[in-house]
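User: I've got this one open on my screen and would like to talk it through. Can we start with the strands and then move on to the helices and pockets?

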Amino acid sequence: MNEAVEKVKSQMRKGILEYCILLILHRKEAYSTDIINALKQNELIVVEGTLYPLLSRLKTAGLLSYTWVESTQGPPRKYYKITEKGEEFLAELHSAWHEIRNTVDLLMQGIPQDENTPTDNVENIIAL
């Protein structure tokens, strides 16, 4: 695929990553590996080196908190959960997502789609 297209796709993924993480944590608290697995199941591949700084930034902003939970398989694990401030932020992101999606959908009207056009897998994780 064209290098320029790959760069844009990467930027698009980065742009929705914070939103997707908050959506996951909206459902239940989760360990970082659980977050990565949920993202992978929905075809948004993220590595730990990308996730940890983002979780730290969200925690610093007061959007997430965490608790340490003892593990039977090693050291204690940090489980993240969304805060009340995070829920409010998520609601704003949800509104913004729908505005952006509606705009793109309007712009796409009349553009022929073929069977190779990917489906919107992000929709699977954004239903609140």
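User: How many bridges pair strand 2 and strand 3?

Analyst: Keep in mind that this is a predicted model. A hairpin joins strand 2 to strand 3 through 2 residues, and strand 3 covers residues 74–82. The two strands pair in the antiparallel sense, and the count of bridges is 7.

User: Which residue in strand 3 is the bridge partner of Ser-71?

Analyst: Let's walk along the pair. Leu-64 stands opposite Ile-82, and Trp-68 stands opposite Lys-78. For Ser-71, the bridge partner in strand 3 is Gly-74.

User: And strand 1: which residue of strand 3 is the bridge partner of Ala-30?

Analyst: Strand 1 also pairs with strand 3 in the antiparallel sense, over 2 bridges. In strand 3, the partner of Ala-30 is Tyr-80.

User: Over to the helices. At roughly what angle do the axes of helix 2 and helix 3 cross?

Analyst: Helix 2 spans residues 32–41 and helix 3 spans residues 48–60. Helix 2 passes helix 3 in a right-handed crossing. Their axes come within 11 Å, and the angle is roughly 120 degrees.

User: Which residues of helix 3 do Ser-32, Ile-35 and Ile-36 meet?

Analyst: Those three sit in helix 2. By class, the contact of helix 2 with helix 3 has 5 nonpolar, 1 polar and 1 charged residues.

User: Last one: which helix gives the largest share of the lining of the second largest pocket?

Analyst: That pocket has a volume of about 150 Å³. Its lining includes Ser-10, Arg-13, Lys-14 and Leu-17, along with Leu-44, Ile-45, Val-46 and Thr-50. By class, the lining divides into 4 nonpolar, 2 polar and 2 charged residues. The largest share, 4 residues, comes from helix 1 (residues 3–27).

Methods: Residues are numbered from 1 along each chain as its sequence is written. This is a predicted model: local features need pLDDT of at least 70, side-chain atom pairs count only at pLDDT 80 or more; totals for chains, interfaces and linings use all residues. Side-chain values use heavy atoms; hydrogens and water are left out. Axes are lines fitted to C-alpha atoms, for helices over the stretch in contact, and angles run from 0 to 180 degrees between N-to-C directions. A crossing is left-handed if the near helix is turned anticlockwise from the far one by less than a right angle, and right-handed if clockwise. Contact means heavy atoms within 4.5 Å. Ala, Val, Leu, Ile, Met, Phe, Trp, Tyr, Cys and Pro count as nonpolar, Asp, Glu, Lys and Arg as charged, and the others, Gly among them, as polar. Two strands pair if DSSP finds at least two bridges between them. On a 1 Å grid over the protein atoms alone, a cavity is a set of points where a 1.4 Å probe fits but cannot get out, and a pocket is an open set with protein on both sides within 12 Å along at least five of seven lines; lining residues have an atom within 4 Å of a point. Grid points are joined across faces, edges and corners, and a volume is the space filled by probe spheres set on the points.
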